[in-house]
Amino acid sequence: MTAIAQSVVAQPETREPQPHEILPQSAPGLDLARIRADFPILAERINGKPLIYLDNGATSQKPQVVLDAIANYYKHMNANIHRGVHTLSVRATEAHDAARQTVRKFLNAADTREIIFVRGATEAINLVAQTYGRVHVGAGDEVLITAMEHHSNIVPWQILCEEKGAHLRVAPINDRGELQLDEFAKLVGPRTKIVAVTHVSNALGTVVPLRPIIDIAHRHGVPVLIDGAQAVPHFAVDVQALDCDFYAFSGHKVYGPTGIGVLYGKRALLNAMPPYQGGGDMISSVTFAKTTYNDLPFKFEAGTPDIAGAIALGAALNYIGNLGMDKIAAHESELLNYATETVGAIPGVRLIGTASERAGVLSFLLDHVHPHDLGTILDREGIAIRTGHHCAQPVMERFGISATARASFAVYNTKEEIDALVAGIRTAREVFA
Amino acid sequence: MSAGNGELSDLYQEVILEHSKAPRNFRKPAEANQHAEGYNPLCGDRCTVYINMDGDAIRDIAFQGNGCAISRASASIMTQILKGKTKAEAVKLFDEFHGLVTGKEAPAETPDLGKLKVFSGVSKFPARVKCATLAWHTLQSALENKDTPVSTE
């Protein structure tokens, strides 16, 4: 089983991990000790043990530069944007604009007008469902998703389908947790109005092959939305190379703060869409007779946005950009391979999600130990993992289970932390032996 | 078989581990005249509690479902304790049990709880209170013969 992230080739270390080696082991091109020092929370002790944070799929920790960006904004530039002529407002507006430019570069979008700031991937998907969806999806039409979507890429479409009398179609996955592309292709037809697919499954770690999906949809003239929440922290994403129509992600999973996220959309599509919410900033003129909407991206950004959040997200993306997305992908791919081997070798462990391409996530079950009990025992060892259905109950149902334990990785994680995870799982086995 | 020292062994007491492995009254009784479903949306755990009421008395009680060691043991011991009790006694015990697992009442102040006191360690694990109370919430619904599944949220 390999876990090589899409669009990068991992450079696995050839030597075997040595016991008692000084923490942390080096990663190719990354100074892990220095990176770890950038994240103040990693110095926390949990139940007397050093924190081992393996719940990055839920949210990542934040480097000092992100914390500083938030504090710096409120200390030195707090003002509303696009309004005042005074100095602080100009500073805030420029910093907010610069953050949008950073996001554009991060996704390799063609134009900053294609970058809409939202609260997170969830709001981004709801925005598309409630604007593009409400215009283009009618009675008897179909919205196509996959069987491995997070609830945030299911429920907004269900709401839309219910309102319009449309149908939600679900492309199946196989026992390894891979999308069945031939079945997907069969489901795209004249009634399909939009395809919404995750880039990386949050419950299984599957990297979905987007190019063929997007090609199939586009041959039918159907636009494609990508839920990139679990992808952008782990490898470089190029929305122009993908040719996707919409791409959504959350800031907090990519080392930024909570409450900020991004919707990328192709300009022609965004221009043709009605606004999502009404209010200040999204208008160019208002009279009681008629309101003219503002240009992109502001048309979709009603009200005072999370200015500090956007600026801090920009800081986060610059931080990982400076580390190098390809180096991060290679390091995390090696971590995932190592975890897959070592956790998978524990007697009684069953891996859930064994796709040929995975990123960031190791989901598993331990015989006779419920994931919740495992989570509590690991927490005593200072190890944070996610246990439960991961807001992907249809995925759990597909595998006939109610929950899994999930370790999910970030750039600051080390092989030694995975060794501690393995030891913790073995302790849990003994407790419930 | 040991959960080590300290709070972890307080949580996973021998009695709890034993009941989680071999839960009592883990069945669907043919003669049950009331039942309810319980669900913890945070973890996906499910529990169905069946009761056979004889007037105001619980003649038989059993459960089914899937869940963690805490929720299984809690349901198992609950069914043992409540057999033969009245509805009012069951409601009072739930009240005391809730106080115990949330740390609002010391074990010494809840003499009626008997064997249920093994769950006192739950109070040090706030994230697990819902596991310990799922079966009880479901029981409450079964006693009221509610049609809608009960949720811990």
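Chain B touches chain A through 18 of its residues, which are in contact with 16 residues of chain A; contact means that C-beta atoms, placed from the backbone, lie within 7 Å. By class, the chain B side of this contact has 12 nonpolar, four polar and two charged residues. Ala, Val, Leu, Ile, Met, Phe, Trp, Tyr, Cys and Pro count as nonpolar, Asp, Glu, Lys and Arg as charged, and the others, Gly among them, as polar.

This is a predicted model: local features need pLDDT of at least 70, side-chain atom pairs count only at pLDDT 80 or more, and totals for chains, interfaces and linings use all residues. Residues are numbered from 1 along each chain as its sequence is written, while chains are lettered from A and ligands numbered from 1 in the order in which they are written.

**Helix α3 of chain B**

- Helix α3(B) covers residues 69-82, 14 residues in total. Helices (H or I, at least four residues) and strands (E, at least two) are DSSP runs, numbered from the N terminus.
- From first C-alpha to last, α3(B) reaches 20 Å, close to the 20 Å expected at 1.5 Å a residue. The expected span is 1.5 Å times one less than the number of residues.
- 12 of the 14 residues of α3(B) are buried, so the rest of the structure largely encloses this helix. Buried means 20 or more other C-beta atoms within 10 Å of a residue's own, exposed means 12 or fewer, and partly exposed lies in between, with C-beta atoms placed from the backbone.
- Among the buried residues are B:R72, B:M78 and B:L82.
- These buried residues pack against α12 (371-380) of chain A. Their partners in chain B are α2, β2, β3, α4 and α5.
- B:G84 follows α3(B) and has a positive phi, near 90°.

**Four-stranded sheet of chain A**

- The order is β13-β14-β17-β16, in an open sheet with antiparallel pairing. Two strands pair if DSSP finds at least two bridges between them.
- The edges are β13 (349-351) and β16 (386-388), and each pairs on one side only.
- Neighbouring strands are turned by 30° against each other on average, direction ignored. Axes are lines fitted to C-alpha atoms, for helices over the stretch in contact, and angles run from 0 to 180 degrees between N-to-C directions.
- Helix α11 (325-344) packs on this sheet, touching β13, β14 and β17. The direction of α11 makes about 5° with that of β14(A).
- Four bridges join β14 (361-366) to β17 (404-408). A:F364 has A:A405 as its bridge partner in β17(A).

**Seven-stranded sheet of chain A**

- This open sheet has mixed pairing and runs β4-β10-β9-β8-β7-β5-β6.
- Its edge strands are β4 (115-118) and β6 (167-171). The twist averages 20° from one strand to the next.
- β4(A) pairs with β10 (261-265) in the antiparallel sense over four bridges. A:F117 is partnered by A:V262 in β10(A).
- Helix α7 (210-219) lies across β7 (192-198) and β8 (224-227), at about 155° to β8(A).

**Backbone points in chain A loops**

- The peptide bond from A:L296 to A:P297 is cis, with omega near 0°. A:P297 sits in the loop between β12 and α10.
- A:N47 has a positive phi, near 50°, and is not a glycine. A:N47 lies between β1 and β2 and is partly exposed, with 13 other C-beta atoms within 10 Å.
- A:H390 also has a positive phi, about 60°. A:H390 lies in the loop between β16 and α13 and is buried, with 24 other C-beta atoms within 10 Å.

Conventions:
Two residues are in contact if their C-beta atoms, placed from the backbone, lie within 7 Å.
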